[in-house]
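Biologist: Could you walk me through the charged pairs here, and then what sits inside? I have the file open, so let's start.

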Amino acid sequence: MSQTVHITAVVTVAAEHAAAAEHAFAACIVSSRKEKACRQYVVSRDIEKTGRLVVSEVWTSEAGFEAHLASPHFKALGEALGKLDAQLDIMKVRPLDEAADAG
């Protein structure tokens with residue numbers, strides 16, 4: 001069995017672009033959650049800093065994650081965030097709790 005892929009990303013845009021960034025994520029969330037390899041796709045708004053979003057993703061495999069990166073909805077999100085001059089900090093992480101990675 002292939003190992004799950006965990007992604008944590010922090011996306012930051014200027015406060016005046018926060019609503020546009022959240023709107024861009026909205027379509028991607030719905031489509032991403034429909035992907036066969038998606039186990040989790042959650043985007044959270046930082047309540048203390050307008051314009052900062054945290055994305056938590058879990059994919060069943062590297063191949064599933066790569067397919068997500070190539071999907072039209074993810075590409076559209078990337079284009080939208082690029083137009084908003086978003087700053088991205090994307091991390092591929094491994095939970096310390098092995099149970100979090102269990103199938």
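Biologist: Which residue does Arg45 meet in a salt bridge?
Modeller: In this predicted model, the side chain of Arg45 meets that of Glu22 in a salt bridge, with a distance of 2.7 Å from N to O.

Biologist: How many salt bridges does a search of the whole structure find?
Modeller: The search finds three, and one of them links Lys92 to Glu62 through their side chains at 3.0 Å, N to O. Lys92 is in strand 4 (residues 87-93) and Glu62 is in helix 2 (residues 62-69), so this pair ties together parts that are 30 residues apart in sequence. Lys92 is exposed, with a relative accessible area of 52%, and Glu62 is partly exposed, with 34%.

Biologist: Changing topic, is His68 buried or exposed?
Modeller: His68, which is found in helix 2, is buried, with a relative accessibility of 0%.

Biologist: So what is His68 in contact with, leaving aside neighbours within four places in sequence?
Modeller: With those neighbours set aside, His68 is in contact with Cys28, Ser32, Glu35, Tyr41, Glu57, Trp59, His73 and Phe74. Cys28 and Ser32 in that list are themselves buried residues of helix 1.

Biologist: Which other residues in helix 1 are buried?
Modeller: Besides Cys28 and Ser32, the buried residues there are Ala18, Ala21, Ala24, Phe25 and Ile29. As a general point, an α-helix has 3.6 residues a turn, so residues three or four places apart point the same way.

Biologist: What do the buried residues of helix 1 pack against?
Modeller: They pack against strand 1 (5-12), strand 2, strand 3 (52-59), helix 2 and helix 3 (72-83).

Biologist: Last one, how many residues does helix 1 have, and what span does it reach?
Modeller: Helix 1 has 16 residues and runs 22 Å from its first C-alpha to its last, which is close to the 22 Å expected at 1.5 Å a residue.

How values were computed:
Residues numbered from 1 in each chain as written. Predicted model: local features only at pLDDT ≥ 70, side-chain atom pairs only at ≥ 80, totals over all residues. Heavy atoms only, no water. Salt bridge = Lys/Arg side-chain N within 4 Å of Asp/Glu carboxyl O. Helix = DSSP H or I, 4+ residues; strand = E, 2+ residues; numbered from the N terminus. Buried < 20%, exposed > 50% of the residue type's maximum accessible area, 1.4 Å probe, protein only. Contact = heavy atoms within 4.5 Å. Expected span 1.5 Å × (residues − 1).
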